[in-house]
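This report concerns the salt bridges of the structure shown below. Please keep the sequence at hand while reading.

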Amino acid sequence: MSGFRYVSYAQEVIFASGALARVGEAVERFGWQRLILCTNHSMQANGHVNSIKSVLGDRLIGTFDRVQPHVQDVQVAEALTLADQNHVDAIIGMGGGSPIGMAKAVAFALEEKRTDHPTRSAFPTEQPLIPVIAIPTTYAGSEMTAVYGITHTKESPPRKITVNDPKTAPKLVIYDPELTLNLPPHLTASTGINALAHCIEALYSITRHPLSTAAATSGIRHISSTLLNCCRDGNNLEARAEMLLGSHLAGLSLASVSMGLHHGLCHVLGGTANVPHGIANSIILPHAIRFNAEATASQLLPAAEAMGISLNGISPVMAIEAMAQKIFELVGEMNLPQRLREAGAKLNESDLPDLAQLAFQNRTVQNNPRPITEPAQIQALLRAAW
Ligand code: NAD
C-alpha cells in the first residue's frame with residue numbers, strides 16, 4: 001500500500017430532519033452573538049430566511065440576500081462592508097455552494113481586515129477569527145470543504161480562482177433534508193451530478209487516502225440509488241434525506257483530496273463562460289471519466305459496481321465506459337443538457353480553444369491523474385462535449 005497524507009478539520013455536523021430549529025442552541029453553545037446571513041432570493045421566497053430569523057432572533061443582525069452564482073468579487077466587497085459595519089463574530093451561508101462560498105470569502109476577508117495581515121494558515125490546527133456556519137440546500141458539498149472559488153470580474157475574460165485554506169472550513173454544518181424539499185428538479189439533478197463528480201474524482205485523486213475512498217464509494221451508492229427518485233418526486237422526504245447523506249459523503253471525500261481535470265474544467269466553464277456549475281458538471285463528467293479511464297480504471301471499479309454495472313466478463317476499462325454512458329443517460333433522463341452547445345450560456349464553438357488554454361493553466365486540471373501535457377487534449381474533450 002502506498003503512503004498518504006491528508007488534512008482534516010474540526011467541524012460540528014448536525015444531520016436531521018428539522019435540524020434548522022437546532023441552529024439557535026448550537027450558536028449559543030459556540031458563544032456567537034452577532035451573525036449575518038449570506039443567502040439569495042430563493043431562500044427568501046421559500047420561507048427559509050424567515051425560519052432562521054425566528055430561530056436566531058436578535059443574534060441575526062444582517063442579511064445579504066443577493067448572492068449570485070460563482071461568488072463575484074464585487075459582491076464579496078459589498079457583503080464584507082455589511083459584516084464589518086455590524087461587528088459580526090460569525091457568518092452563515094445558507095443555500096447552494098454560492099452563498100456558502102460567499103460566507104467563506106467574507107469571513108476570510110474580514111479576518112484579514114481586522115488583523116491587518118494575510119489570513120493564511122501556517123498549520124491546519126489554526127482556527128478562524130470569524131467562523132462560518134453552513135446550511136446547505138443543494139447537493140454541491142461546499143459545506144464540508146476548506147475551499148472557495150471567487151470570480152475576478154474585472155479581468156478579461158473574467159476568471160474564477162480557488163482559495164484553499166483550513167480556516168475556511170465551516171465550523172458548524174447543519175443538514176436539514178426538509179430545506180431541500182423545494183429544490184426544483186433541474187437543480188436537484190445538476191447539483192446531484194456535482195456530488196457524484198466529487199466522489200468520482202476523489203476515487204482517482206492523486207492524493208486519495210483510505211477515508212476519502214470509503215466516503216466516496218459510499219456516497220456514490222447513496223446518490224445513484226436515489227437521485228432520480230428525488231428528481232421525480234421532490235416531496236419524498238426519505239429520498240431527500242438519502243440524497244443529502246450522499247452529498248455529505250461526497251463533500252467529505254472532496255474535502256481532503258485534490259480534484260482533477262473535471263473540477264478544474266468546470267471552474268473555467270463557470271467563471272469564464274458563466275455556465276451554471278451543476279450544468280457544467282453534468283455535461284463534462286462522462287467525458288472526464290472517459291479521458292481518465294485507461295489510467296484510473298482500477299480506482300473507479302468500486303464506483304462502477306456501486307452504480308450497478310456488472311463487472312462479469314468485461315475489462316475494467318469497458319466497465320468504466322459503461323459507467324460513463326450510464327451517467328450520460330441519467331443526465332438525459334433528468335432533462336439536463338448533455339452537450340455544451342445546449343448549456344444555455346454565452347458560449348460558441350469558436351471559444352473552445354481559448355477555454356482549453358485557460359483550463360490548461362488551471363492548477364486543479366494539472367492535478368489530473370492522467371498527465372495533461374498540452375491544451376489540445378482538453379480541446380478534444382471540449383469538442384467531444386460540444
Ligand atoms: P448555487 O449556490 O449557485 O445555487 C443555484 C441555484 O439554486 C440558485 O438559483 C439558488 O437560488 C437555488 N437554490 C438553492 N437551494 C434551493 C432550494 N432549496 N430551493 C430552491 N432553489 C434553491 O449553485 P450550487 O450548484 O449549489 O453551487 C455551485 C457553486 O458552489 C459554484 O460556485 C461552485 O464552484 C461552488 N462549489 C464549491 C465547492 C467547494 O468545495 N468550495 C463545492 C461545490 C461547489
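Glu333 is partly exposed, with 45% relative accessible area, whereas Arg232 is exposed at 62%. Here buried means under 20% relative accessible area, exposed over 50%, and partly exposed in between (1.4 Å probe, protein chains only). The model is predicted: local features need pLDDT of at least 70, side-chain atom pairs count only at pLDDT 80 or more, and totals for chains, interfaces and linings use all residues. Residues are numbered from 1 along each chain as its sequence is written, and side-chain values use heavy atoms, with hydrogens and water left out.

A salt bridge is a side-chain nitrogen of Lys or Arg within 4 Å of a carboxyl oxygen of Asp or Glu. By this rule, the count is 12 salt bridges. The table lists three of them.

| Salt bridge | N to O distance |
|---|---|
| Glu333 and Arg232 | 3.4 Å |
| Arg66 and Glu78 | 2.9 Å |
| Lys167 and Glu126 | 3.9 Å |

Helices (H or I, at least four residues) and strands (E, at least two) are DSSP runs, numbered from the N terminus. Glu333 in helix α11 (residues 316-333) and Arg232 in helix α7 (residues 210-232) are 101 residues apart. Salt bridges with shared partners also join Glu12, Glu25 and Arg29 into one network.

The side chains of Arg66 and Glu78 form a salt bridge. Arg66 lies in the loop between β3 (60-64) and α4 (73-85), and Glu78 in helix α4, 12 residues apart. Arg66 is partly exposed at 40%, and Glu78 is partly exposed at 37%.

Lys167 is buried, at 10% relative accessibility, while its salt-bridge partner Glu126 is partly exposed at 26%.
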